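Please keep the viewer open as you read.

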Amino acid sequence: MDVVDRQPNLIRHLPNRPGWNCIACTEPWPCEVARVEVPLAMPDPIQLAMFLWGYLEEFLLEHQTGAFGEAHERFLAWSR
Ligand SMILES: [Zn+2]
């Protein structure tokens, strides 16, 4: 399943590619708005974690040299 299929329409602040900045406000994604908007659109913590994990995984695939810990902080740790 592609990440695109999992994106609820409520979320406007999503990452562009390959830059991984927000398509709405150009801040590094997840931007401040996304950190509010995404959990609101996904009240189920498991769904939220899976959604964010999907992006984390794609980010790591695109940035083979990136540190996992740093990417985990950016994409997932803030949502806990
Ligand atoms: Zn944004």
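## The segment before α1

Trp20 lies in the segment before α1, where helices (H or I, at least four residues) and strands (E, at least two) are DSSP runs, numbered from the N terminus. This is a predicted model, in which local features need pLDDT of at least 70 and side-chain atom pairs count only at pLDDT 80 or more, while totals for chains, interfaces and linings use all residues. Residues are numbered from 1 along each chain as its sequence is written.

The phi angle of Trp20 is near 60°, a positive value in a residue other than glycine. Thr26 also lies in the segment before α1, and its phi is near 65°, again positive in a residue other than glycine. How exposed are these residues? A residue is buried if 20 or more other C-beta atoms (placed from the backbone) lie within 10 Å of its own, exposed if 12 or fewer, and partly exposed in between. Trp20 counts as partly exposed because it has 18 C-beta neighbours inside 10 Å, whereas Thr26, with 11 other C-beta atoms within 10 Å, is exposed.

| Peptide bond | Geometry | Omega |
|---|---|---|
| Arg17 to Pro18 | cis | near 5° |
| Trp29 to Pro30 | cis | about 0° |

## Overall make-up and core

The protein has three helices and zero strands, and along the sequence they follow the pattern α-α-α. Of its 80 residues, 14% count as buried.

Which residues form the largest nonpolar core? The nine are Cys22, Trp29, Ala34, Val38, Met42, Phe51, Leu52, Tyr55 and Phe75. Such a core is a set of buried Ala, Val, Leu, Ile, Met, Phe, Trp, Tyr and Cys residues joined through C-beta atoms within 7 Å. At least two of the core residues come from each of α1 (32–41) and α2 (45–62), and α2 gives the most, with three. Ala34 touches His13, Cys22 and Trp29, not counting residues up to four places away in sequence; contact here asks for C-beta atoms, placed from the backbone, within 7 Å.

## α2 and its partner

With 18 residues, α2 reaches 26 Å from its first C-alpha to its last, close to the 26 Å expected at 1.5 Å a residue; that expectation is 1.5 Å times one less than the number of residues. Its buried residues are Phe51, Leu52 and Tyr55. They sit on the same side of α2 because they cover an arc of only 85° around the axis, the arc being that of the directions from the helix axis to the C-beta atoms. Pro45, Ile46, Met50 and Leu61 are exposed on the other side of α2.

The buried residues of α2 pack against α3 (68–75). The two helices, α2 and α3, meet at an angle of about 145°, with their axes 10 Å apart; axes are lines fitted to C-alpha atoms, for helices over the stretch in contact, and angles run from 0 to 180 degrees between N-to-C directions. Leu52, Tyr55, Leu56, Phe59 and Leu60 of α2 make the contact with Phe68, Ala71, His72 and Phe75 of α3.

Finally, Gly66 is found in the loop between α2 and α3. Leaving aside neighbours within four places in sequence, Gly66 is in contact with Leu60 and Ala71. Gly66 counts as partly exposed, with 13 C-beta neighbours inside 10 Å.

Note on methods: Two residues are in contact if their C-beta atoms, placed from the backbone, lie within 7 Å.
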